[in-house]
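Please consider the points in order, with the sequence and the model at hand.

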Amino acid sequence: MTASRPRRALVIPAGMAMATALAFLPNTAATAAPTAPPAAGAAASSADATPLSYVVNVRAGHGVPAQVKKAIGKAGGTIVTSYDRIGVVVVHSSNPDFAGAVRKVPGVHSAGATRNAPLPSAATTDTGTPKVLSAAEVAEAGAEAAAGQDPLQGLQWDLPAIKADKAHEKSLGSPEVTVAVIDTGVDDTHPDIAPNFDRAASVNCVSGKPDTSEGAWRPGPSESAHGTHVAGEIAAAKNGVGMTGVAPGVKVSGIKVSNPDGYFYTEAVVCGFMWAAEHGVDVTNNSYYTDPWYFNCKNDPDQKALVEAVTRASRYAEKKGAVNVAAAGNENYDLSADEITDPVSPNDGTPSDRVIDPSECLDIPTQLPGVVTVAATGAKGLKSSFSNYGRGVVDIAAPGGDSTAYQPPQAPATSGLILGPLPGGKWGYMAGTSMAAPHVAGVAALIKSTHPYAPPSLVKALLYAQADATACTDPYDINGDGKVDAVCEGPKNRNGFYGWGMADALDAVTR
């Protein structure tokens, strides 16, 4: 996909009011379509002698066994880096049969290509940009701001939706708490982000190996604003400038894992979780899925290796104290269904439809054990038209925006989308479960601020216990055409649309 590709976000070009409504039609793709699966090994062999990236999973905690190192070299591989604590090795190789050869070696649990496109991946075309607030709109909003509010806070209907405005009267969160935005990069020079930016916990992980050079965590001029927007939703400072984050007193860091073409490959995601684990991060926000497979099937040897690598990394981050929060996705899929047609994988290969079982083929990190899976709601509190759902899969819900035609906000807010900062000192609107997840990450940060010694298991338990139970929307006909657009299953306090309910920031700072 592309710079706007984190398909956990939907981006709305300025001046496209009619297209905005169309972009949110249920079961309509609102982002660029990726691609689907060739047979195992086919994509690699088509690359001829072009290098691909691989993960090789070995026993954790013991380094790379000598026989595995030797086999990697013999099969034409070069070790890029090794995460010995979790037993994940990142390798580059031009041998199309590399993974098959290494899988036969004693001590190798699994091995697979992390991509189908050669290194570097082929460029793609951006599908849109966030709807940027004009200088006049910024000035108008500032003139109408209520006492004690940041200038743009009146446009943020999402804050009162989770009682964050009331929470801020009690606490803004602790600067001892850091939320890592594992994403496309964060512009830490933005005036709403700079006061709360944690440079020590920031890094560029795109290659699969940490790059700590100054500013490496920032998006390039042509790269996505996605990570910056997400970071601001979490922790934009309450400083008399711009907007206000859900937890405006906590720290936020940028862990860049998206390459210039907008792909989130396994080796980068593993690096991101490992960096968070080793740098005192309390919460990670993951508003993406790991490319190139929307769903990774464990009966495919390549995909199995990717699931194992990211699972090891995310579990290690939680073991080291991080609560991992992830977006549910924007295709209006029922993730608890018996089957789903995935027309977009691998998104760097050749497209074709495949029917998968979402209990066996996982969206990672969204469906991994221990991860908080977040569905999106609009300004009327209903499941967003695009949001994935599923009983037993979705844990909690939070504002992610929706078409203003479906769920218009109350004044003074004018857009049904979510406001956030954009690189270069700007602000604009985006929507998607990408925007819902950071609301939950912010609430988790407030819980951690209130209970500084709480381990991740307790933070998650409080997050769910404090959520406002929300009954199923039945029937769910979001566009009013008389047809049911999704079916919600389960009771008020644990159902497929809203999980345990709507995240509650006020309870996070008072209970």
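This is a predicted model: local features need pLDDT of at least 70, side-chain atom pairs count only at pLDDT 80 or more; totals for chains, interfaces and linings use all residues.

Which residues are buried in helix 9?

1. The buried residues of helix 9 are Thr266, Glu267, Ala268, Val269, Val270, Cys271, Gly272, Phe273, Met274, Trp275, Ala276 and Ala277.

2. Helix 9 covers residues 266-278, and the distance from its first C-alpha to its last is 18 Å. That span is close to the 18 Å expected at 1.5 Å a residue. Just after helix 9, Gly280 adopts a positive phi of about 70 degrees.

3. A second topic is the annotated site. The UniProt record, an unreviewed entry, lists Asp183, His226 and Ser434 under "active site". These residues span 252 residues in sequence, yet no two of their C-alpha atoms are more than 10.1 Å apart, so they gather at one spot.

4. Asp183 belongs to strand 7, which comprises residues 178-183. With a relative accessible area of 0%, Asp183 is buried. The side chain of Asp183 also makes a polar contact of 3.4 Å with the side chain of Thr184.

5. Which residues does Asp183 touch, not counting residues up to four places away in sequence? The list includes His226, which Asp183 touches directly, and His226 is also one of the residues that the UniProt record lists for "active site".

6. Ser434 is found in helix 11, which runs over residues 433-450. Is Ser434 buried or exposed? Ser434 is buried, and its relative accessible area is 0%.

7. The remaining points concern the protein chain as a whole. It contains 13 helices and 19 strands. Of its 511 residues, 61% count as buried. The accessible surface of the protein chain comes to about 17500 Å², and carbon and sulfur atoms contribute 54% of it.

8. How much of the contact pattern links residues 24 or more positions apart? Among the contacts in the protein chain with a separation of 6 or more, such pairs account for 77%.

Note on methods: Residues are numbered from 1 along each chain as its sequence is written. Side-chain values use heavy atoms; hydrogens and water are left out. Helices (H or I, at least four residues) and strands (E, at least two) are DSSP runs, numbered from the N terminus. The expected span of a helix is 1.5 Å times one less than its number of residues. Buried means under 20% relative accessible area, exposed over 50%, partly exposed in between (1.4 Å probe, protein chains only). UniProt positions are given in the numbering used here, feature names are shortened, and annotations may be inferred rather than shown by experiment. Contact means heavy atoms within 4.5 Å. A polar contact is a pair of N or O atoms within 3.5 Å; within protein, one must be able to donate a hydrogen and the other to accept it, and residues adjacent in sequence count only if both atoms are side-chain atoms. Accessible areas come from the Shrake-Rupley method with a 1.4 Å probe; for residues, only the protein chains shown count as cover.
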